[in-house]
Amino acid sequence: MKKWICGMVALAFLCLSGCSVHTQKTVFAMDTVMDLQVWGKDSEAAQQKLAVLIEETENTWSAMDRNSIVGRLNAGGAVVSQDAHDFLQRAEELSKRTKGAFDPRLGGYIRAWGFYDGAYRVPEEAALQQAPVQWDLGGAVKGYTGQQAVQLLETLRVDRAILNLGGNIQTYGEKKDHSPWVIGIQNPDGGNYLGTVSVVGTMAVVTSGDYQRFFEKDGTRYHHILDPETGRPAQSGLRSVTVICADGLTADVFSTALFVMGLEKASDFWRQSEDFEAVFVTDTGKIYATQGAALSGCEYEVIAR
Ligand code: AMP
Ligand code: MG
């Protein structure tokens, strides 16, 4: 009995000093539900810090808040912090790589469609022509948050984590048994996942889809990913694009941009790039995956180099 008690005490002590604790938390931010799962000695503290990071990032980059950096920039103000400057610069560089398919200055259009206040409307062509050029980082900020989260986790005693930032998945570290993280690709029509992608280690898996935010008017669906050339919802023949990339911000920018480009241009863009893989779902329900994307559980066509 005594031995048994000693054993229990030793185990409890070991756990207190070194056990990998798993904690899970759901937060609502950036207009979406976020799920934070963390394993490690500091998992509880890490989660609290992650929740603060998410809230701060939302407040800093909200296009709807006059006091955010975006709000101030749109009112003619200047960027104040080095971090903010770096984010904007990287977003601009990535935008250039996409030849403007990702455009961080579409805020005027987004407002014209009512995506900020939920007062949805189909704007007249004249209203789109006159829409002011305004910053909107909505297509990049969740990926940026994932990236910031990775930097934070690196400073803590965390073994691994998987963060679902409203459809933007950020993994951190390796699973205990070294098996890959398995991430579902949403069916744009709802219901079960279409298939899964597997990734190993710290990766971002980011999806842009026409089902994520939209409204319907007179039988037509208007979604939130706009073609910068027309100011209207991109009609590229795609329902969703998932980008798999080591860098969260790049994944987020490219998922939006590839959606705008459509399958053919996006495939060429991938052939000219080395830093990401992608999965496409078309509006006829076909699935395509670049040759390095570890997709399974569904039939699909491989896009080769
Ligand atoms: P995502 O879900 O990452 O594709 O981002 C969509 C959000 O990005 C929208 O809600 C807008 O705030 C913004 N957005 C829409 N179209 C574009 C575009 N072509 N380039 C950059 N941002 C966009
Ligand atoms: Mg995006």
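**Whole chain**

This is a predicted model. For 305 residues, a compact globule would have a radius of gyration near 19 Å; the protein chain has 21 Å, which agrees. Turn to the principal axes: the C-alpha atoms fill a box of roughly 85 × 50 × 35 Å.

Color by secondary structure next. The protein chain holds 9 helices and 16 strands. Look at contacts between residues at least 6 apart in sequence: 57% of them join residues at least 24 apart.

**Surface and charge**

Of the 305 residues, 50% count as buried.

Now select the charged side chains. There are 28 positive and 37 negative charges, and their mean positions lie 5 Å apart.

**Magnesium site**

Select the magnesium ion (ligand 2). Which atoms coordinate the magnesium ion? They are Gly139 (O), Asp252 (O), Asp252 (OD) and Thr256 (OG1), at 2.0 to 2.4 Å. Along the chain, the donors follow the spacing G-x112-D-x3-T. Gly139 and Thr256 link distant parts of the chain, 117 residues apart. Find Gly139 in the loop between α6 (125–129) and α7 (141–154). Find Thr256 in helix α8 (residues 248–261).

Stay on these two residues. Are they buried or exposed? The cut-off for buried is under 20% relative accessible area. Gly139 has 18% relative accessibility, so Gly139 counts as buried. Thr256 has 14%, so Thr256 counts as buried too.

Technical notes
Residues numbered from 1 in each chain as written. Chains lettered and ligands numbered in written order. Predicted model: local features only at pLDDT ≥ 70, side-chain atom pairs only at ≥ 80, totals over all residues. Heavy atoms only, no water. Helix = DSSP H or I, 4+ residues; strand = E, 2+ residues; numbered from the N terminus. Rg over C-alpha atoms; globule rule 2.2 N^0.38 Å. Buried < 20%, exposed > 50% of the residue type's maximum accessible area, 1.4 Å probe, protein only. Contact = heavy atoms within 4.5 Å. Lys, Arg positive; Asp, Glu negative; His and termini not counted. Charge placed at Lys NZ, Arg CZ, Asp CG, Glu CD. Donors = N, O, S within 2.8 Å, 3.2 Å for Na, K, Ca; no water.
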